[in-house]
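Hello,

Here is the structure I promised to pass on. Please open it first, then read my notes below.

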Amino acid sequence: MTPEEFRRYGYQTIDWIADYLARPERYPVLPSVKPGQLTDALPARGPEFGEPMDAILADFERLIVPAMTHWNHPGFMAYFANSSSEPGILGELLAAALNGNGMVWKSGPAVVELEQVTLRWLRQWTGLPEDWFGTIYDTASVGSMHAVAAAREAADPDSRTRGTPPGLVVYASEQAHSSVEKGTIAVGIGQDNFRKVPVDAEFRMNPDALAALIERDLAAGLRPCCVAATVGTTSTTSVDPVPAIADICERYKLWLHVDAAYAGSLMLAPEFRWAFAGCDRADSLVMNPHKWLMTPMDCSAFFTRRPEILRNAFSLIPPYLRTPDHPRALNLMDYGVPLGRRFRALKLWFIMRTYGREGLAEILREHVRLAQDLALEIDADPRFERTAPTPFSAICFRYKGTDDENRQIQERVNATGEVFISGTELHGRFSLRIAIGNRGTGSEHVARVWELIREAV
Ligand code: PLP
């Protein structure tokens, strides 16, 4: 591609993106494709010779876009809804252009230093301790896996050389995200040594049950090493009692990891800080700008008060990566599994500067307000019941009928293409679940989803 061609197609692509972001709802939020349909529509073999960009862009619009689930659609209210943003996209575009790689300071001084600067800003904005260390991974799943690996290192520094010793145990609530259990599998502690701590009626970890499980495991000769608390669980956004859990971790000398993948962004708004009480006593914490800070996939911020443990667990420097020591030259490859790392901080920096803390906090407040209003509407309709408290922007509720009827409601509503809602299982029964987190979602979209649900009934 010549510079002139790049310029032409670049302008054309930016025009497409601008139109798309101006009105993502021109597409159905859920595509009407069948599994395998896109695969069948594409050639079975890659082209032997290059094709013109006009043809590629035409196929992008004809084949790829219709097979997308549109996370940017304001009717997207499934999982943890989120959205991209113009400054984030520009940052991502430039990161791809620079093609930086922050494996060591020398391989990408700006990649490494901007990551540290944006995470310092994030610590200030969230009220997390300023002296914590931060690094950006792709996902919270990877962050939590590193937390479990650090816990293993702290409990048994020989595990790095000899392998995971038998008997280490990890604890998280029944409502914790599956990624914590996967991390336990990945670092070789094993599912048999992962305890799902019971929760109370509001889906929060029961600290007495945690302490009892730890005592039972100690009596059996096992070695508890890590507790993962969640602020904002995936199904109901419940908040584990972190101060009580921190007391237990201190008493038994266990690594405390906080999974705040979704709710962590709310720390930007001081009125939600109550939910994070005790988090400053954690050993590590993960939060996802790609969930609720208008950041395109992917960008997950991992913080730890004990970076030396992470470093002991993962630093391994082959001769071809040796660089001169300098107190300010951080080599991020020492703090985890990945060597290569893309310039994720660039998009985060663009977003933080464009919106400012207050601009982002204002969007989150509005999402919570919309969810609280909808919760009141649901409470006012005798045909429905809420199945969990609604502390933030996700509402779990059900039609007072059978699980099948609730699933049919979900299917009918989603089939309209106007909205996308998900479901979960609470107390053994199916619940509908609406999560508000897309920056384009306004009261009209919330009114519409509620109307569609009542029509489906
Ligand atoms: N933790 C919680 C509480 C989540 O809700 C999720 C995803 O929704 C994750 C972790 C996993 O996040 P990621 O996709 O970044 O791995």
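At what angle do helix α6 and helix α8 pack, and how far apart are their axes? The angle is about 50°, and the axes lie 8 Å apart. Keep in mind that this is a predicted model.

**The helix pair**

Helix α6 covers residues 140-155, and helix α8 covers residues 178-186.

Which residues make the contact? From α6 come S141, S144, M145 and V148. From α8 come S179, V180, G183, T184 and A186. By type, the residues of this contact divide into 4 nonpolar and 5 polar. No charged residue takes part in the contact of α6 with α8.

**The cysteines**

How many disulfides does the structure hold? The count is 0. A disulfide needs two cysteine sulfur atoms within 2.5 Å. Take C279: the closest cysteine sulfur is in C249, 12 Å away, so a bond is ruled out by distance. Now take C299: its closest cysteine sulfur belongs to C279, and at 19 Å that is too far for a bond.

Are C279 and C299 buried or exposed? C279 has 1% relative accessibility, so it counts as buried. C299 is buried too, with a relative accessible area of 0%. The cut-off for buried is under 20%.

Best wishes

How values were computed. Residues numbered from 1 in each chain as written. Predicted model: local features only at pLDDT ≥ 70, side-chain atom pairs only at ≥ 80, totals over all residues. Heavy atoms only, no water. Axes fitted to C-alpha atoms, helices over the stretch in contact; angles between N-to-C directions. Helix = DSSP H or I, 4+ residues; strand = E, 2+ residues; numbered from the N terminus. Contact = heavy atoms within 4.5 Å. Nonpolar A, V, L, I, M, F, W, Y, C, P; charged D, E, K, R; others polar. Buried < 20%, exposed > 50% of the residue type's maximum accessible area, 1.4 Å probe, protein only.
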